[in-house]
Amino acid sequence: MATPAETGLTPVTAFALVGALGVGAQWLAWRLNLPAIVLMLVAGLLVGPVFGVLDPSVAMGDLLQPIVAIAVAIILFEGGLTLNFKSLSDAAVGVKRLVIIGGPVGWLLSASVLHYVGGLSWAAASVFGGIMIVTGPTVIAPLLRQARLKRRPAALLQWEAIVNDPVGALAAVLAFEVVLVWQTATTVEEIIWTLAIGVTMATLVGIIAGCGIARSFSRGWVPEYMKVPVLFVSVLVVFAASDSLLHESGLLAVTIMGVWIANAHLPSHAEMHRFKEHATILLVSGVFILLAANMTRETLLSMNWQTLATVVAVILFARPVTVLTSLAFSNVPRAERLLVAFTGPRGVVLVAVAGLFGDRLVQAGIEDAAQISTLAFALVAGTVVLHGFTLKPIARFLDLSASTTPGVLIVGGNRWTVEFAALLKKLELPVMISDPNRSHLRDAREAGLPIYSGDILSEGAEHRLDLVAYETVIAATDNDAYNTLVATDLAPEFGRENVYQLNRDASDSARYALPPKLGGRALGAGETYWQVQRRMWDGWEFRSTTLSDEFTLQNWFDIHPKGIPIADIGPRGNLRILGPKDTPKDTRGTRLIAMLPMKPHRAKAEGQA
């Protein structure tokens with residue numbers, strides 16, 4: 001075997017390269033508005049089997065397998081951490097059916113396709129079939145934003161992906177335990193006894209650890225700044241302890257631990273979210289790059305008609321039959337059933353878990369399990385690329401697209417927001433005004449604008465509102481602290497570059513001044529709530545102007561020297577909110593939205609009246 005020195009990469013260099021490629025692919029995907037998994041797949045294959053820059057099994061040696069195992073354990077824990085039973089009980093009937101009925105049916109059909117079409121043994125097919133229940137929440141989210149579906153089909157796809165993520169992992173772990181016990185045991189009684197002990201031990205370890213974490217967090221035994229480190233270390237300890245008590249039971253234990261903590265109703269939601277967000281991005285991208293780079297050219301070239309037939313059978317048979325069976329005789333319309341049936345992208349969790357289980361099954365003597373990684377890559381690449389290009393056209397064909405134009409969510413009902421929203425609606429842009437105070441929405445209701453009476457940050461808003469239709473958020477209530485809270489809380493979901501708020505009043509006392517790092521971007525002239533309201537009281541109004549070769553931006557400024565540009569709409573209908581330092585686009589067909597003072601003759605007439 002070659003040494004790390006012979007390959008040119010030391011373990012430290014290999015770790016650095018994997019981290020740079022994983023995070024870099026995630027960032028580039030964000031910039032290009034593409035599924036990150038596609039770019040990670042390309043990056044891993046390029047540095048691995050294509051150019052031979054990185055061979056993880058050589059550069060990292062014996063560390064590779066434990067690293068992947070620990071990373072997958074943390075990923076499965078994160079999956080369990082998302083399975084809140086209350087969310088499942090509150091979900092629509094369609095979501096429940098896709099999980100409760102669709103899970104077992106999808107497992108059976110996927111395993112059957114893998115066995116009869118893919119040629120895998122029932123042992124390997126049953127384990128991989130359990131993982132294939134997962135449709136990939138990290139892949140679904142960007143696809144939904146691109147397609148801009150109506151609320152219900154988007155909710156069905158999103159919640160199915162979120163809830164089935166830990167369910168699929170749990171199914172794969174259970175199948176894996178059954179296969180291992182079956183391979184090592186000699187009699188049926190021994191198989192049942194060994195499996196019962198394994199599941200019981202893993203369940204007990206997971207519940208005890210989850211209960212201990214929940215109690216220590218809720219009773220204040222762990223300071224806030226140590227909660228994330230304690231959570232991280234606890235996952236490692238539970239995984240190692242369970243594995244030492246009974247081989248290969250650690251994955252099941254950490255999954256159950258995550259489920260227990262998710263349903264413990266802890267007040268430390270922010271810390272949990274931070275752990276999930278950071279750990280998942282780093283570990284998922286790292287594991288995916290490692291597994292892609294660890295593939296050989298022979299493995300890639302081994303993909304043949306059988307591999308293609310397996311992917312096609314999953315997309316055109318296993319997934320549609322699973323969904324249509326689950327939603328049969330439900331209140332979900334036929335068009336939505338068809339859209340969900342032919343939309344099932346698989347994500348990076350599938351590849352990560354499949355790669356680990358494939359290696360473990362090979363070590364257990366199931367030789368055809370080596371094909372699992374190849375099939376997983378083919379399935380992920382095929383479904384992501386296919387659905388990435390077909391979801392939007394299919395949604396339009398079935399009349400399930402919410403809007404082709406990104407919308408604006410405005411928080412705060414007042415004269416400034418109502419007139420701005422009314423102009424956006426006139427320009428056929430989706431817009432909604434939300435306010436916790438129902439009386440503040442009276443003018444918006446009278447203007448015929450879509451409204452939401454309630455806290456936009458509440459769980460009710462998350463379930464009732466179709467936030468996928470909106471790309472920009474403007475916080476413009478009379479409460480600077482609430483505006484800052486809204487902008488800060490929604491920034492990770494919408495992107496900080498798409499979240500704005502009216503400028504905060506300058507405080508003379510440091511004890512009342514909020515940190516400048518909190519909140520959203522300034523818009524317009526960077527004025528405060530009371531400054532923009534005073535302009536409205538003085539007769540200012542919103543107007544839109546279309547720029548052309550004959551009437552340029554400079555012509556507009558010459559006529560309206562006091563005008564305050566607020567936004568511009570490009571020829572393709574894309575809205576851009578303008579800040580104090582932004583310059584409107586001076587291109588033909590651009591529509592400029594601005595605040596303008598009342599015309600002199602109108603002011604005189606109203607003054608006389």
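These are my notebook entries on a few places I looked up in a predicted model.

Ground rules. I number residues from 1 along each chain as its sequence is written, and side-chain values use heavy atoms, without hydrogens or water. As the model is predicted, local features need pLDDT of at least 70 and side-chain atom pairs pLDDT 80 or more, while totals for chains, interfaces and linings use all residues.

Entry 1, helix pair. I looked at H7 (residues 93-100) and H8 (residues 102-116), whose axes come within 3 Å and cross at roughly 40°. Helices here are DSSP runs of H or I with at least four residues, and strands are E runs of at least two, numbered from the N terminus. Axes are lines fitted to C-alpha atoms, for helices over the stretch in contact, with angles from 0 to 180 degrees between N-to-C directions.

I found Gly198 in helix H12 (residues 188-218). Gly198 is buried, with a relative accessible area of 5%. Buried means under 20%, exposed over 50%, and partly exposed in between (1.4 Å probe, protein chains only). Its C-alpha atom is separated by 9.3 Å from that of Leu252, 54 residues apart along the chain.

Most residues other than glycine have a negative phi. I noted Asp399, with phi near 60°, in the loop between helix H20 (371-397) and strand E1 (407-411). Asp399 is exposed, at 54% relative accessible area. I also noted Glu428, with phi of about 65°, in the loop between helix H21 (415-426) and strand E2 (431-435). Glu428 is exposed too, at 69%.

I placed Val53 in the loop between helix H3 (36-50) and helix H4 (56-59). Val53 is partly exposed, at 42%.
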